[in-house]
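This briefing is for a reader who is meeting the structure for the first time. Please look through the sequence and the model below, and then follow the points topic by topic.

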Amino acid sequence: MNTIIQFLKGDDISTKDIEQIDVSAEEVEKINQLFTKNVAARKVRSHLRMLPEVQKNQIWSIKSEYVDLLGNTQKTVNPFLVSIATDIDTIEDEEFIRIFVITPFVEMATEHDIVCKDASVIGFPFLVETWNEQPILTEILDSCLGYYEVFDSFIEQEKSSAIQKEFREVEILRAKYLNHSIRAMLNSIEINQEQEFSTIISIFGKNQYLSCPKEIQPANTFIVQEPALEYLAAAESGISKKDKCIQYQNEELPFDIQIRKEVDGFIVSISPVSDIEIFDNNNKKCNGLSNNKKIVFSSLKNGLYTLYSKQIKEPVKIRLK
């Protein structure tokens, strides 16, 4: 069991106040393979069909890497599987749920823990950590692996060994990777409360926060803020219409990015026109229209988008909010 604790500690959590355990790399790798081998096979098969809508009692894998709503990349050394504990809810148009972490380490269960011994559900028996309930954004879910109904239970007291207590402490600490998605969202909401809309553009390891304030300037004026941020207003068809947009320029990019918010979503325009492709957070390609000057992607919703071009060495991440 000491090997399990060592595996779960990994490099992504603090172990300053926990006794270090001498475990070989071979032992840790053996456990890692136990955790992932069946999930990997099921994940490949899941892409052969439409993924279901997120519902209570489904079992999902979690992305091993995601970009939070502040534009920062989060990574985990060890994989996560979760059981959906609630229906989807929203905050500021962002979907979230509550989940229970699940683990294959059933030997760590107490007599009151929920353990599924049926290996056919996801490929191996597992423990549902009902004591490790966390809120997460649905966008960090990766692949639906199965269904297992978890019944509500209430336990006043239960006996657990020292190793079981340490296991729970480590698992709850590891789950910061999950609930960080919510904490970053709340920070983003606080930052954006005075803004009409905002975007975070991530490229070459740097994040740039750009926003359009609710108080737009009079027509035919603009404000420039670092980095190359413009708030524009224009009159169209003889009607005074406030056109709120963000213009992004970077000397390392061979094109400019313009982001505008409309009633039915965001419009992202790239000029001059080039070999641009944009994919949403579910890796679905967005349709664009182009002329000889620019390519336009319209009706984009809140979320994370990835822009690809053969003219740049790495993709550009665009978070619309």
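In this predicted model, the bridge partner of S61 within strand β9 is S143, while in strand β4 the residue that stands opposite S61 is L81.

**Strand β1 and its partners**
- β1 and β9 run antiparallel and are joined by five bridges, and β1 also pairs with β4 (residues 81-84) in the antiparallel sense, over three bridges.
- Q58, W60 and I62 point one way from β1, whereas I59 and S61 point the other way, and all of these residues are buried.
- Because five of the five residues of β1 (residues 58-62) are buried, this strand is largely enclosed by the rest of the structure.

**Overall make-up**
- The secondary structure of the protein consists of four helices and 23 strands, and of its 321 residues 45% are buried.

- In soluble globular proteins, nonpolar side chains tend to be buried together.
- The largest nonpolar core here has 26 residues, of which I257, I270 and L307 touch the most other members.
- At least two residues of this core come from each of β10 (195-203), β11 (206-213), β16 (245-248), β17 (256-262), β18 (265-271), β21 (295-300), β22 (303-308) and β23 (316-320).
- A second, separate core has 17 residues, including W60, V82, I97 and L141; W60 is also one of the buried residues of β1.
- If neighbours within four places in sequence are left aside, I257 is in contact with I246, Q247, Y248, V268, S269, I270, L307 and I318.

**The largest pocket**
- The largest pocket contains about 1800 Å³ of space, and of the 50 residues that line this pocket, K63, D280, N281, N282 and N283 are the closest to its centre.
- Two or more lining residues are given by each of β2 (65-67), β6 (94-103), β9 (141-147), β10, β11, β21 and β22, with β22 giving the most, five residues.
- By class, the lining of the largest pocket is made up of 19 nonpolar, 15 polar and 16 charged residues.

**The second largest pocket**
- The second largest pocket has a volume of about 340 Å³, and of the 19 residues in its lining, E92, E196, K261, N302 and K321 are the closest to the centre.
- α4 (176-192), β10, β17 and β18 each supply at least two residues of this lining, which by class has four nonpolar, six polar and nine charged residues.

**The cavity**
- The structure holds one cavity of 30 Å³ or more, and the volume of the largest cavity is about 30 Å³.
- The residues that line the largest cavity are V268, I278, L300, Y305, T306, L307, I318 and L320, and the elements giving two or more residues to this lining are β22 and β23.
- β22 provides the largest share of the cavity lining, with three residues, and by class the lining has seven nonpolar residues, one polar residue and no charged residues.

Terms used
Residues numbered from 1 in each chain as written. Predicted model: local features only at pLDDT ≥ 70, side-chain atom pairs only at ≥ 80, totals over all residues. Heavy atoms only, no water. Core = buried A, V, L, I, M, F, W, Y, C linked by side-chain atoms within 4.5 Å. Buried < 20%, exposed > 50% of the residue type's maximum accessible area, 1.4 Å probe, protein only. Contact = heavy atoms within 4.5 Å. 1 Å grid on protein atoms, 1.4 Å probe; cavity = no way out; pocket = protein on both sides within 12 Å on 5 of 7 lines; lining within 4 Å. Points joined across faces, edges and corners; volume = space filled by probe spheres on them. Nonpolar A, V, L, I, M, F, W, Y, C, P; charged D, E, K, R; others polar. Pairing = 2+ DSSP bridges.
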